[in-house]
Amino acid sequence: MITARAQDPDNGVSVEAGPGGGLRDLVLDRRSLRLGQAGLAKAVLALVDAATARANARVRHAVGDVSALGLGVEERMAESVEDTTPGTWRV
């Protein structure tokens with residue numbers, strides 16, 4: 001199963017998402033409570049976006065053309081994902 005993680009260690013929030021944005025894991029520690037409800041929601045959604053973009057990129061590297069699957073990466077995330085994507089993958 002292809003997934004990806006994203007975390008904000010300063011605020012104690014970590015997520016794991018699959019291709020297309022399915023949330024697989026959410027970890028919050030006490031530091032996350034400092035963010036308040038709106039801040040925590042914003043942090044979680046931003047991390048899910050980042051993890052989803054990475055998972056989608058991993059699928060593209062493993063499978064090739066995935067345009068029919070609807071796994072496009074938002075333009076604002078594409079550059080960040082490409083910076084962290086290794087040249088080869090073990091699947």
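First, the ground rules. The model is predicted: local features need pLDDT of at least 70, side-chain atom pairs count only at pLDDT 80 or more, and totals for chains, interfaces and linings use all residues. Residues are numbered from 1 along each chain as its sequence is written, and side-chain values use heavy atoms, without hydrogens and water.

Now the sheet. Strands are DSSP runs of at least two residues, helices of at least four, numbered from the N terminus. Pairing takes at least two DSSP bridges between two strands.

Take E1 and E2, residues 13-17. They pair over 5 bridges. Ala6 stands opposite Val15, and Arg5 has Glu16 as its bridge partner. The hairpin has 4 residues between the strands, and Gly12 in the turn has a positive phi of about 70°.

Next, E2 and E3. Again, 5 bridges, antiparallel. Ala17 faces Leu23 in E3. This hairpin has 5 residues between its strands, with Gly20 at a positive phi of about 85°.

How enclosed is E2? Largely, because 5 of its 5 residues are buried. Buried means under 20% relative accessible area, exposed over 50%, partly exposed in between (1.4 Å probe, protein chains only). Val13, Val15 and Ala17 point one way, Ser14 and Glu16 the other.

Over in E3, residues 23-28, sits Leu26. At 38% relative accessibility, Leu26 counts as partly exposed.
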